[in-house]
Amino acid sequence: MHRIRRLSVALTVAGVVGVAAPVAANATSLVTISGATSSYPLVSLLAAKYIKLHPGKVRFKIAQGGTTVGLNDVKNGHVTIADVAQEPTGADAGLDFYPIAKYAICVVTNKSNTLSNLTPSEVTSIFTGKTKTWSGVPGATASGAIDVYSRTAVAGVLTSFKSLLLEGKSVVSAATEEATEGLMRQAVESDPNGIGFLSNYQANKGGLNSVSYNGVACNQTTAASGQYAGVSVFFEVTKGPATGAAAAFINWVDKSPAAKKIIASEWILIG
Amino acid sequence: MIERLRKPWPDHRAERTLGAVSLLVGVGVVAMVVFVATKAWPIFEHNGLSWLLGGGDFETEVAKMTAATNKPPASVYHLRAWPLIYGTILTSGIAVVLGMAIAVLSSVFIVELAPARVSRVVIPMVRLLASVPSVIYGLIGILVLVPFVGNHIISNQEKTSVQNVVQLTGAGLGVTVVILTVMITPIMIALICEALTSVPSSWREGAVALGLNPLRAIRAVTLKAIRPAIVAAAVLATARALGEAVMIQMVSGGKTFSPKPVDGVVFFFEPLRTLASAVLDYHDGISSPPLGATVYALALLLLFSAFALSVTGYLVKLPLRKYQTRG
């Protein structure tokens, strides 16, 4: 008898906890995000601010992986939002693209290589592997073979870089491919012969030499004024029009002054 | 109820409980293998066993898989994973052979030759080294060794000699093997030292009394007696080397390339990718069905090689049993 009573108490407690837990989870909805490593710093800043301003309403789970991974995840319904760092293509039918910020893609070299400017044809020639040594690049202070660093195929920054600064050509296949913007930065930072490309946020953090393209420096100001050629867009992408918590978040990013302040700190506002 | 659990258990109940627990472990292992195998099935379905061979371009195939939609055509499943298998064999093989030589020699020194003061310090130090998480080795590799090799050891001439095929940045076979060796040697030393101390000293003394000099006595008697332990150490070390993902991913160059021995010294600077590091590299894209199947197929191959490894270790040890010192 004793045992039965104790058991029933335990069951009741378990039942209450079991019922209460889902209720608590419903109160804060979960927004899952995956995709571009380049927009990750921006999106996590925005999400943190959003949570601070709307406490208890929403939780975020932000993963990286690369633009293509995000697009696949959102198509297959694994995440609510994909972070995307490239313009929509024909393969993206059924997805809704919400632009959140613009960013510039900078060509970067090691700090010891004080190369100040590259012409469009020089950039193409270096990254497609036609120019192989630094002696063939006017203004370069490095010597010897050029180490070209590229990104893995899933990177949206790579897609945008190819279409904006490489005349649609592909990066030489011998190039070393880095999985994230952070790894790209680390690789070029430690290789005096290296050259790569990064979003302006990572390129201008120090430790690297950011190279002008066609005489125009790569930074927020030149990108905002439209002088710099390599400007692309970060999108939040949903399957069909955004709904619920995701829509609220995207709308907040688009409208709120707090979000605009974050975007304007390192990136470029839309419009 | 709790009081009843506190009382000493009758034998039959303890037996059944322990039996159930160990059975659960077995069921878990089988369930895992079955799960991985079913997930990997599409790769076998479309490629047969020829996905283990060479002849394709792994990175292009993976890029196609990553971009695939939910219901991809069969051609997307095309896979040739030999460069990964070759990279795994190369790194683990060289590291285990190197580590084995170092481990046997240094264990003999620690146990048989070093003064007691030294071995009292060295043995705990080796144990400590054996438990260092691999990601720490990876960090040191990517921040210190890779830039050092890339900037000071690889000459410009070596770089330009293969520039059309692959780029030498420092990350590659050499650094990977060096770090892997440093990683697995302490485990082997710890195991071999243990075995050496368990060899009765009278055996070696007898050999010396028969006229062998001390070093030959060690070779002829002590090392022979611990051969099963050496095999066990090699199996454990190979298992750790095969499964190492994080460190190798950080220092191997992140490029699916098969280093070519004909390139001479450059061979050691060429990048590669192993099975485990490929699983780590591509697990992000697992939501694309063909890439998911590929990652599971690579994992299945790793599981299978771990299984083959323990069976081989067991078979090698069988004829050595007669020398065993214990049991």
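Which residue of β8(A) is the bridge partner of D147(A)? The bridge partner is G194(A), and we'll come back to that strand once we've had a look around. One thing to keep in mind: this is a predicted model.

**Two domains in chain A**

Let's start with the way chain A is divided. Domain 1 takes in 2–100 + 234–266, while domain 2 covers 103–231. Going by C-alpha atoms, the centres of domain 1 and domain 2 of chain A are 32 Å apart. Where the domains meet, domain 1 of chain A puts in 15 residues and domain 2 of chain A puts in twelve residues.

Now look at the domain 1 side of that contact. Both β2 (58–65) and α3 (67–75) of chain A supply at least two residues each to it. The top contributor is α3(A), which gives three residues. By type, this side of domain 1 of chain A has six nonpolar residues, eight polar and one charged.

**Chain A meets chain B**

Chain A also touches chain B, and this contact involves 26 residues from chain A and 25 residues from chain B. On the chain A side, α3, β6 and β7 (176–178) are the elements that give two or more residues. Here too α3(A) gives the most, with five residues. The chain A side splits into nine nonpolar, nine polar and eight charged residues.

**A strand on the inside**

Back to β8 of chain A, residues 194–199. Six of its six residues are buried, so the strand is largely enclosed by the rest of the structure. Which residues of β8(A) are buried on one side, and which on the other? On one side sit G194(A), G196(A) and L198(A); on the other, I195(A), F197(A) and S199(A).

| Strand paired with β8(A) | Bridges | Direction | Example bridge |
|---|---|---|---|
| β4(A), residues 95–110 | five | antiparallel | I105(A) with S199(A) |

Terms used. Residues are numbered from 1 along each chain as its sequence is written. Chains are lettered from A and ligands numbered from 1 in the order in which they are written. This is a predicted model: local features need pLDDT of at least 70, side-chain atom pairs count only at pLDDT 80 or more; totals for chains, interfaces and linings use all residues. Domain bounds come from an automatic or database domain assignment. Two residues are in contact if their C-beta atoms, placed from the backbone, lie within 7 Å. Helices (H or I, at least four residues) and strands (E, at least two) are DSSP runs, numbered from the N terminus. Ala, Val, Leu, Ile, Met, Phe, Trp, Tyr, Cys and Pro count as nonpolar, Asp, Glu, Lys and Arg as charged, and the others, Gly among them, as polar. A residue is buried if 20 or more other C-beta atoms lie within 10 Å of its own, exposed if 12 or fewer, and partly exposed in between; C-beta atoms are placed from the backbone. Two strands pair if DSSP finds at least two bridges between them.
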